[in-house]
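Look at the model first, then read on.

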There are 2 protein chains.
Amino acid sequence: MVNAANTEDVRAPASLETPLSVPNKMLMAAGPSNLTPRAAQAGGLPSLGPMHPETFRLMDEIKEGLQYAFQTKNPVTLCLSCAGHGGMEAALANILEPGDTAVMCKNSFWFDRASDMATRQGARVVPIDVKPGQPLTLEAAEEAVAKHRPRLLFVVHGESSTGVHQSLEGFGAMCHKYGTLLVVDAVASLGGTPLYTDRWELDVVYSGSQKVFNAPPGLSPITFSPRAMEHIQSRKTPCPVFYYDVLSIGDSWGCFGKRSYHHTLPVTLFYALREALALVAEEGLTASWRRHQLAAQRLHDGLERLGLRLLVEKPEHRLATVTAVLLPDNMDWATLLRTAMARHAVDLSAGLGPTFGRAFRVGLMGTNANPKAVDRVVNVLQDVIKNPIAAA
Amino acid sequence: MVNAANTEDVRAPASLETPLSVPNKMLMAAGPSNLTPRAAQAGGLPSLGPMHPETFRLMDEIKEGLQYAFQTKNPVTLCLSCAGHGGMEAALANILEPGDTAVMCKNSFWFDRASDMATRQGARVVPIDVKPGQPLTLEAAEEAVAKHRPRLLFVVHGESSTGVHQSLEGFGAMCHKYGTLLVVDAVASLGGTPLYTDRWELDVVYSGSQKVFNAPPGLSPITFSPRAMEHIQSRKTPCPVFYYDVLSIGDSWGCFGKRSYHHTLPVTLFYALREALALVAEEGLTASWRRHQLAAQRLHDGLERLGLRLLVEKPEHRLATVTAVLLPDNMDWATLLRTAMARHAVDLSAGLGPTFGRAFRVGLMGTNANPKAVDRVVNVLQDVIKNPIAAA
């Protein structure tokens, strides 16, 4: 009840009296990427409840769009209401039980995160050491899987901290020989480089809305193979996190023949992702993959003309969507990023994990993977290297 | 590499060829509520990266707005990148360790969810049985806390499944006598009914963006008292969920003197919440609380004029933001909701948990807590009861 005692102990902040102002930048970093106008506009549409029929239809359409993007017929294909980091943790939490072994490719920042999460879940993590900038070979993977017979093997398809493209062909069949499930991080790659969930027998694949899809950050698309679901349905312990439990969330996505309330869904983000997936379907995946590859090739050529060197040496190991570039002599990453932003409103990324302090990163994702954007970035880098802005 | 093998195994779905169309409804259910134009517009603004200075300022402003809404000076006040359900799970996961005891008020749907989550985390849950529609008394709470000396006591301030307003005065001091932390669910109440985090010694309070704030769903504001943080910093085991770990997320929110990357933040939702908090600050909490109380009184009077009965008998136990109404004779909830939506585009809620099949629920949250909206709902209910639309 409101009464005379209801004075305010903490006063309203003055900072909120100023109207919000959000600058427009050219987002050529490792993510998030620029929104397409269609996705941005959809993000401002009216709310709907989680059990409204229009929401169910929206979710069905997102599911179909994601099945296309993941190249899968998996019925359990949906979108988690969290960032890609949540998708990573959900993938692990649904598969692992305390005491399980997880073999993980260790060549990037994402190993640090995934192994941290799996350890919190009570699993034993066995790393496969791979030099940053190089992919895991099928032979090295099989050696570790054969030796440890783990519950899962974790690999990153689009390794955005170093710019490595991890080939996945043969990995699924190899894992299944040993009763191991294959968990794939495709946050930075999905839609921008070929990925075949069913053809390659991938068991869990997750991604993010804010990369190639050009939708706002905050959603993590994910798909589970029938083999993964069979394991999940026969777990001895429940998934340790309700919010991630695909057996419950799957019900709100209609994956198991009914609809039930799991949580209040972030519908405005769903609208934007739905429109983003419509654009992917309109262009076609094959065309999108080719466009990303051509843009990356143009970028790599342009960088070499500037005398810059890529971290990943072999062209066939280079990721189309994120490129790690060794820092030029006499330039620190902060100066490079600051100059590109201050003078040109171009967003680039610092190095991350093994590339921190060694490289900077350029993202070409979705709508930004086009010749004009590439040329702009190369021109900006040329200027930045010639005329850096000194620290204040 | 893209090559001739890159055919598509799964074809683009036809459903995405149709443009997205989102209907406008009057959202008078238990949530989400209608967006304010200012919040909706902000949700369509351009993306920013998680380490951009504008993003840091945005987060600082949200933090100040939330400190005001929570009536707290807690430095660890921030917004989790998940729904209110995630906020509930994060509150429990940060406090509980395996083997800990959690005493929980059992009078609602939210007990089911909270006890499920705590059990998954390895805690022992002790329920305090309270009749649905009634609040927990301080005496009953103290009896249970004194007996079990639990790590935490869990109560729901705005009990949206039954429409109960849970008084919190005295609960914090009582808990602290026994070394227990007080965890409060304020998802349906924050901003709409008086809540004093510091004055009442609440240790963890969480809410949702899509209720009284009229922002899109997908964010969970949360605050931790210094007492809660002291416990968290001395845990024997890490928080079991990286995505929820306030020691890491707090760093991305600048709570501990530095800024580090935790996950890619859902900035477009942040924009909308920031604008929503600016509106709360503009009106003032006291005025908002009074407005919600007046709207609820008007609704309750109107419902009684229609011959309808509220589930919560005592006026002082009634929640201002969500009202549970017993179903009229000869009318099932599905017919009532269907008629209100089909003929009037008014969204009402079915019962939930203990009220399922017994009651329907009306929400008056934020911008919807005004006399015109109340009169509209009462008029619509009058028509619905007189002329229900039969099932197809």
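**How to read the model**

- This is a predicted model: local features need pLDDT of at least 70, side-chain atom pairs count only at pLDDT 80 or more, and totals for chains, interfaces and linings use all residues.
- Residues are numbered from 1 along each chain as its sequence is written, chains are lettered from A and ligands numbered from 1 in the order in which they are written, and side-chain values use heavy atoms, with hydrogens and water left out.

**The two domains of chain A**

- Domain 1 covers 26–33 + 284–387, and domain 2 covers 38–281. These bounds come from an automatic or database domain assignment.
- Their centres, taken over C-alpha atoms, are 26 Å apart.
- In contact (heavy atoms within 4.5 Å) are 26 residues of domain 1 and 34 residues of domain 2.
- The two domains bury about 2300 Å² between them, 63% of it on carbon and sulfur atoms. Buried area is the accessible area (1.4 Å probe) that two parts lose on being put together, summed over both.
- A:L285, A:W289 and A:L319 supply 29% of the area that domain 1 buries against domain 2, more than any other three residues.

**Cis peptide bonds**

- A cis peptide bond joins A:G31 and A:P32, with omega about 0 degrees.
- Another cis peptide bond joins B:G31 and B:P32; here omega is about -5 degrees.

**Positive phi in chain B**

- B:N214 is not a glycine, yet its phi is positive, near 60 degrees. B:N214 counts as buried, at 3% relative accessibility.
- B:N330, also not a glycine, has a positive phi of about 65 degrees. B:N330 counts as exposed, at 83% relative accessibility.
- Buried means under 20% relative accessible area, exposed over 50%, and partly exposed in between (1.4 Å probe, protein chains only).
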